[in-house]
Amino acid sequence: MLASQPQHHHLSAVLHLHLQDHRISLPPATTLHSPATNSTRHFAFRISSSRYHRTLPEVQDNDAASTTENKNLRTHNAKSTALLLQHLSPQVEKKPDGENQEIYVPLLKQDKEKLLEISLLSKRTPQFPGSIYTDPSVPLVQSVFKGRNSDVNYNEDEVDDEMLLKALEIRRKVTAEIFKEAMKKGRFGITYSENLLSKIPEFIDYVMIKAVSMKNFAEFSRASYNVRAEVFIHESGVVPLIRWLKHNSLSYPQIGKLICASKGDVESIKRLAEWLKTIHVKGRFIGVALTRSGGDVLERSADELDEIVDYLEENGVRRDWVGYVVSRCPEVLSFTMDQLRSRAEFYLKMSMDKNDFGTMLFDCPKVLGYLSLEEMNQKVAYLMEFGLSNEDVGRLLAHKPQLMACSIEERWQPLVKYFYYLGISKDGMRRILTVKPMVFCIDLENTIAPKVQFLRDIGVEEDAIGSMLVRFPSLMTYSLHKKIRAVVIFLLTKAGVSQRNIGKVVALGPELLGCSIAHKLDHNVKYFLSLGIYLPILGEMISDFPMLLRYNIDVLRPKYRYLRRMMIRPLKDLIEFPRFFSYSLEDRIIPRHKIMVENRVNFKLRYMLATTDEEFETRVKDAVERRRRFESGAVDEQSPDSMSFK
């Protein structure tokens, strides 16, 4: 017993110095010396330091011990000192008015956070040998929330907000761990559970609130927070619902968004999904419809949703189309009936019948739910500036409803300015809009401008580009590399067109760029070569008349046979006038050939076909008169474009 007294003197000196640094005064009843009597003996804790392990020499009295220890002080961390003071100072000090005053030991911020974790975590923190485990119910943990000191009067209403927020964050982590345990019992993987957990922070907070409120019930009054949270998660049925949604091809972000939007009523998600199946919404579009229809739709009854479907059916949307429309535009389910009627009547008032309206919704369901009425009116007014009437706009939108999904500022206005730069008038733009409205939906910088630059590069004149685009607007919708460039290369390499004439060919016949190489151009080239026309000569014929390669061979063959067998014309005449194939065999070639035979006159193909009926009759009369005068002996100088039969 006496041998241990020097160690107690050493501990006393260390603690007194440490408490002086923190400015804490111990009550007189608290002593750090071990008295001689066993009845009032206090246990002294020997604190080992990782820095010093040598044994201090014994001292004779308290003054000598204090002097010696000042030179060899051991350094202790705040947590060890605080826990030691808690065990060594259980007494309380009375104020003059008789109220008890507790002794609160100041802790560092990291020590406070550690104590909060110990008190709020669902599992006890693993301890290392020799460590001291703190009971969460002790006043030391409760004092973490108090911003007080031993020399400051404490007000019961004062709370450390920062530590409360920290405690809330720790409780949220505990709830998340409980949710992951429930997911594990539902046979979900750890990665999937963590990914889903990152998408449902609102639901975790909802579980926290409900678990706390369950303490008011008698059956859960003595249950821990972990038990209450686990019971609520189980009774909510969220884990089986997640399994069901995953089975219906919903991704975890979609599931998380739905759970947060349900506001705790997770069964409403399943009810809405089952209703979507009744209108033929299938596969992954169930998740799209659930997540994009809005949170209010979960609160709607099946009768309200059926009313929306019935209205769409009354206005031209077939029953088997409704699922497609809803899956592509789920926002329609969030409309009230007044909103839905106003949007439908907006299109029906433009002389659009119900069948066209239903077809328009099937082609582009977004026109009904993505835009506000103000935006819809602005776009219709802009289209009417091209000279279109209200009925024309209605027919245009029925044919190409994707126009309503385009932005005026970002898509239409830059395109109109570019067309003006190319010399296209407003009438030309109206033709482009009516013939190929898709042009106003494609990107200018990445799609149209590169094609125009390509036309410049192959030799198309600047003045001809605008008229070319007005004549054949579909050119702007073709792929530059897969279609346009490929046809140009074919004309240069396989059709005999020279590089000097390729710009002329494309400018005169832009429709060639839309023809199939394998099914149209290559067959026509082979047919003309089979007639005995050389490739360079064929290239000149195409340069003179590019549309030569667009005709069907079944149309070309009868005309060629009639030319060679009935008209008995040489191939040279066809080479000189390849437009011969552009005239109708029954309506133009055969009747005029019969007139020429009856009147015993003959003309070149150009003068035979490329004239009106009046000009042709006049030409025939003149030729007959010259032949008559020739036969009567009055020989006139023969016209270079006509001759008589012999």
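Reply: Let's start with a cover: α19, α20 (390-399), α21 (408-421) and α24 (462-471) are among what covers the buried residues of α22. This is a predicted model, where local features need pLDDT of at least 70, side-chain atom pairs count only at pLDDT 80 or more, and totals for chains, interfaces and linings use all residues. Residues are numbered from 1 along each chain as its sequence is written, and side-chain values use heavy atoms, with hydrogens and water left out.

Me: Which residues of helix α22 are buried?

Reply: In α22 (residues 426-435), they are G428, M429, I432 and L433; buried means under 20% relative accessible area with a 1.4 Å probe, protein chains only.

Me: What makes the buried residues of α22 line one face of the helix?

Reply: Seen down the axis, they fall within an arc of 140°, so they line one face. The arc is taken over the directions from the helix axis to the C-beta atoms.

Me: Why are α31 and α33 called roughly parallel to each other?

Reply: The axes of α31 (residues 585-598) and α33 (residues 613-631) cross at roughly 15° and come within 11 Å; the two helices are therefore roughly parallel. Here R592, I595 and M596 in α31 meet D613, F616 and V620 in α33.

Methods
Axes are lines fitted to C-alpha atoms, for helices over the stretch in contact, and angles run from 0 to 180 degrees between N-to-C directions. Helices (H or I, at least four residues) and strands (E, at least two) are DSSP runs, numbered from the N terminus. Angles under 35 degrees count as roughly parallel, over 145 as roughly antiparallel, 65 to 115 as roughly perpendicular and the rest as oblique. Contact means heavy atoms within 4.5 Å. Buried means under 20% relative accessible area, exposed over 50%, partly exposed in between (1.4 Å probe, protein chains only).
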